[in-house]
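Hi there,

Here is the structure I promised to pass on.

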Amino acid sequence: MGLTGNVTLRSWGNSQGIRIPKEILKELHIKPDDELTMKVDGSRLIVEKAVRRRTLEEYARPFGGKLGPYEEFDFGEGIGIEKWLDDAD
């Protein structure tokens, strides 16, 4: 088990809050304004760094922001037994 310690619940406006020691934040790589999740497990309060999912735009940024396809292609008339979705039966 890593670092441990006791903290005191204090009033903070209309809510209550705890201060997390700097050493614990450093060990967990938590910085100010990081989003955290909380859940209750029996009598335990579990606080974890939230998993942030990247947006589609963030994934596309290294590729010039293009989400593809970049242009439409015309492959010409079908020459075999192709069945197109918009063809009438």
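The biggest contributor to the nonpolar patch is β3, with 3 residues. Please keep in mind that this is a predicted model. The patch lies on the surface and is formed by Val7, Leu9, Ile18, Ile20, Leu36, Met38, Val40, Leu45 and Val47, which together have about 840 Å² of accessible area. Two elements, β3 and β4, each give two or more residues to the nonpolar patch. Val7, for its part, is found in the segment before β1.

Now to the strands themselves. β3 covers residues 36-41 and β4 covers residues 44-49; they run antiparallel and are joined by 6 bridges. Val40 stands opposite Leu45 in β4, and both of these residues belong to the nonpolar patch. Asp41 has Arg44 in β4 as its bridge partner. With 2 residues between them, β3 and β4 form a hairpin, and Gly42 in the turn has a positive phi of about 65°.

Which residues lie nearest the centre of the largest pocket? They are Ile18, Arg19, Ile20, Ile24 and Val47, out of 29 lining residues. By type, the lining divides into 16 nonpolar, 8 polar and 5 charged residues. Ile18, Ile20 and Val47 turn up again in the nonpolar patch on the surface.

Best wishes

Terms used
Residues are numbered from 1 along each chain as its sequence is written. This is a predicted model: local features need pLDDT of at least 70, side-chain atom pairs count only at pLDDT 80 or more; totals for chains, interfaces and linings use all residues. Side-chain values use heavy atoms; hydrogens and water are left out. Two strands pair if DSSP finds at least two bridges between them. Helices (H or I, at least four residues) and strands (E, at least two) are DSSP runs, numbered from the N terminus. On a 1 Å grid over the protein atoms alone, a cavity is a set of points where a 1.4 Å probe fits but cannot get out, and a pocket is an open set with protein on both sides within 12 Å along at least five of seven lines; lining residues have an atom within 4 Å of a point. Ala, Val, Leu, Ile, Met, Phe, Trp, Tyr, Cys and Pro count as nonpolar, Asp, Glu, Lys and Arg as charged, and the others, Gly among them, as polar. Patches are made of residues with over 30% relative accessible area and no salt bridge: like charges are joined within 9 Å, nonpolar side chains (Val, Leu, Ile, Met, Phe, Trp, Tyr) within 5 Å. Accessible areas come from the Shrake-Rupley method with a 1.4 Å probe; for residues, only the protein chains shown count as cover. A salt bridge is a side-chain nitrogen of Lys or Arg within 4 Å of a carboxyl oxygen of Asp or Glu.
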